[in-house]
Amino acid sequence: MHRFVKDMIASGETAALPRSIPALVIGCFSLLCFAGLTALIVAQRADDASGWVAHTIEVREATRDVMDSLQDAETGQRGYLLTGNTSFLEPYEAAEIALPLALTKLRTLTSDNAEQQRNIDQLSPVISDRQNLLRESIGLLRQGRRAEAIDDGRLNVGKTLMDDIRLKIKSIDALEQKLLADRRIETERLRNWLLGILVFSFLAAVTLAFAGARAVRIYIETLTSSKSALVTETNLRHETEATLRQSQ
């Protein structure tokens with residue numbers, strides 16, 4: 001069949017090539033290019049969204065580190081006030097080092113979020129007040145002024161500060177939870193878009209391929225009919241020429 005088509009093309013005895021065939025080829029190629037480019041763009045955006053999800057998780061971990069450091073400081077101070085044993089101050093001393101680092105990390109991670117920066121600006125002075133109160137209590141006990149160190153008024157102020165800190169940290173964490181939920185939804189949406197585009201492109205390419213194959217088949221059938229007609233005409237001409245020669 002292919003040799004037959006080649007012979008027809010070489011002899012110039014062919015039907016006009018349907019315009020639909022090159023159009024289908026161009027359409028199929030364009031569709032594949034579009035699908036590939038779109039898939040790359042959507043995949044890149046999905047990767048970015050996944051990175052933001054990881055970033056949100058990191059911010060929440062930094063927030064927990066701040067709260068854990070404060071609680072360690074309180075635990076160490078409380079143990080020292082109750083026993084007078086300086087070994088109980090180890091968690092407090094470790095927290096004194098870890099807490100500024102945790103706050104700095106939290107501020108750095110949220111540097112692109114103005115609302116979180118405001119939350120941290122409000123949190124930092126309250127944490128500073130709480131640390132100062134812890135230091136004062138420890139200092140009073142070291143001076144032998146135990147009654148002042150464990151004074152109810154001082155303890156109530158400390159509780160009020162910690163309650164305020166918990167509320168502010170809860171606000172920071174709640175905002176990050178919302179961002180995390182939104183970013184996960186965005187990631188899932190982008191992935192669904194990517195899958196939809198790939199499926200649509202595949203189905204469209206298959207449809208165009210079938211349409212192209214059908215157009216080629218019809219074209220070959222047309223060539224076959226043309227060849228048969230040419231053969232018949234040639235035979236008829238030969239017969240006519242033979243008849244004329246016999247008549248002469």
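Student: How do you know which stretch calls for caution?

Tutor: This is a predicted model, and over residues 4–14 the pLDDT stays under 50, although the model has 14 contacts beyond four places in sequence for that stretch. Local features need a pLDDT of at least 70, so residues 4–14 fall below that cut-off. The protein chain averages a pLDDT of 80, with 76% of the residues scoring at least 70.

Student: Why is N119 called buried?

Tutor: N119, which is found in helix 4, has 15% relative accessibility; buried means under 20%, and therefore N119 counts as buried. Leaving out residues up to four places away in sequence, N119 touches I172 and L175.

Student: Why is V199 called partly exposed?

Tutor: V199 lies in helix 6, and because its relative accessibility is 41%, between the cut-offs of 20% and 50%, V199 counts as partly exposed. Together with L195, F202 and L203, V199 forms a nonpolar patch on the surface, with about 410 Å² of accessible area together.

Student: What makes up the largest nonpolar core?

Tutor: The largest nonpolar core has 20 residues, and V66, L70, L106, L123, I127, I165 and I169 are those with the most contacts inside it. Helix 2 (20–83), helix 3 (90–109), helix 4 (114–142) and helix 6 (152–247) each supply at least two residues of this core. A second, separate core of 11 residues includes Y92, A95, L140 and A149.

Student: Which residues is I127 in contact with, leaving aside neighbours within four places in sequence?

Tutor: I127 is in contact with V66, L70, L99, L103 and I165 on that basis.

Key:
Residues are numbered from 1 along each chain as its sequence is written. This is a predicted model: local features need pLDDT of at least 70, side-chain atom pairs count only at pLDDT 80 or more; totals for chains, interfaces and linings use all residues. Side-chain values use heavy atoms; hydrogens and water are left out. A nonpolar core is a set of buried Ala, Val, Leu, Ile, Met, Phe, Trp, Tyr and Cys residues joined through side-chain atoms within 4.5 Å. Buried means under 20% relative accessible area, exposed over 50%, partly exposed in between (1.4 Å probe, protein chains only). Helices (H or I, at least four residues) and strands (E, at least two) are DSSP runs, numbered from the N terminus. Contact means heavy atoms within 4.5 Å. pLDDT is the predictor's confidence in each residue, from 0 to 100. Patches are made of residues with over 30% relative accessible area and no salt bridge: like charges are joined within 9 Å, nonpolar side chains (Val, Leu, Ile, Met, Phe, Trp, Tyr) within 5 Å. Accessible areas come from the Shrake-Rupley method with a 1.4 Å probe; for residues, only the protein chains shown count as cover. A salt bridge is a side-chain nitrogen of Lys or Arg within 4 Å of a carboxyl oxygen of Asp or Glu.
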